[in-house]
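I opened this entry to look up ring contacts and nonpolar cores. My notes follow the structure.

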Amino acid sequence: MKVKMLEKKDNKVKLEITGTTPAFTNMIRRTILQHVNIPAIDSIDVIKNTSSVYNESLAHRIGLVPLTYKSGMSTKEDCKCKNKGCTMCEVKMVLAKKGPATVYAKDIKSTDKDLKPSNGDAIIIKLYENQEINLEATAVIKTGADHANWQPAVIGYQYFPTLKISKDAKNIKDIVKACPHDLIDEKTLKLKDPYKCDLCNQCIEAADDGAVTIETDNTRHILTIESISGVDPKTLMLEALKETSEKLKELEASLK
Ligand SMILES: [Zn+2]
């Protein structure tokens, strides 16, 4: 198996995995979506809310604030404290502000310096004169399998494409023009950058019957991981692999 980095940003990576199977790449995808522990605010206790927003709406907005990742934390069920709640499975935070002011994610003050809002500039609410919020929040560790609020990323993969255009195709210009990403080279009739092709099939639809085909290689995948949490894609992938190998070890032990 070979892995090549195609694109790398803070919150997004695009990898090419060669010599794999759809089942294997999908296992990585599903493990990240469903079984990686990440933190998110789960509940709030409202002490004062004289803003223009109901407590429920405020709680919903605060629940969506992405939090930074702290390695080693676990769900309350799996924690050594046995569901009582300790620093390894939950973190308390406070948010208190008086208007007129804009309340940002960075105004949520965490009791743990390693676990706090990852994007401090996200706006939660605007407060006007004589408006005030004061609340306590509890962030807990869960997985995407518990609730979509703990789904850490958007992930997809596709097979590597090879474009084949018949030399007899009559309307080559229309086929070239049909590609929304302008990927078809009119002279060579090949894809200029196959990694940008998203298999939209517009070129096939623009051609006469059968003049254009896209062959895909199901052993060569382009995997895109875009984090929507405060956890970077590399950490998500490593945690997913750790989770998978732990499950395999459990299986091995039970078989023995
Ligand atoms: Zn605990």
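Which residue lies over the face of Tyr 104? I looked it up in this model, which is predicted: the residue is Lys 106, at 4.9 Å from the ring centre.

I then turned to Trp 150. The charged end of Lys 142 sits over the Trp 150 ring, 4.9 Å from the centre of that ring.

Next I checked for aromatic pairs and found one in the structure. Phe 160 and Tyr 195 make up this pair, with 5.5 Å from centre to centre and 70° between the planes. I logged the geometry as edge-to-face, because an angle over 60 degrees counts as such. Phe 160 belongs to strand β9 (residues 153-165) and Tyr 195 to the loop between α3 (172-178) and α4 (202-206), so the pair ties together parts 35 residues apart in sequence.

I counted 22 residues in the largest nonpolar core. Ile 41, Ile 62, Met 93, Leu 95, Ile 108 and Ile 124 have the most contacts inside this core. Two or more residues each come from β3 (38-49), α2 (55-63), β4 (90-98), β7 (123-127) and β8 (132-142). I noted that β8 gives the most, with five residues.

For Ile 41 I listed the contacts, leaving out residues up to four places away in sequence. Among them are Ile 62, Leu 67, Met 93, Ile 108, Ala 137 and Asn 149. I recorded another core, apart from the largest one, with 19 residues including Ile 32, Ile 38, Trp 150 and Ala 240.

Key
Residues numbered from 1 in each chain as written. Predicted model: local features only at pLDDT ≥ 70, side-chain atom pairs only at ≥ 80, totals over all residues. Heavy atoms only, no water. Phe/Tyr/Trp six-rings, centres within 6.5 Å; stacked < 30°, edge-to-face > 60°. Helix = DSSP H or I, 4+ residues; strand = E, 2+ residues; numbered from the N terminus. Lys NZ or Arg CZ within 6 Å of the ring centre and 35° of its normal. Core = buried A, V, L, I, M, F, W, Y, C linked by side-chain atoms within 4.5 Å. Buried < 20%, exposed > 50% of the residue type's maximum accessible area, 1.4 Å probe, protein only. Contact = heavy atoms within 4.5 Å.
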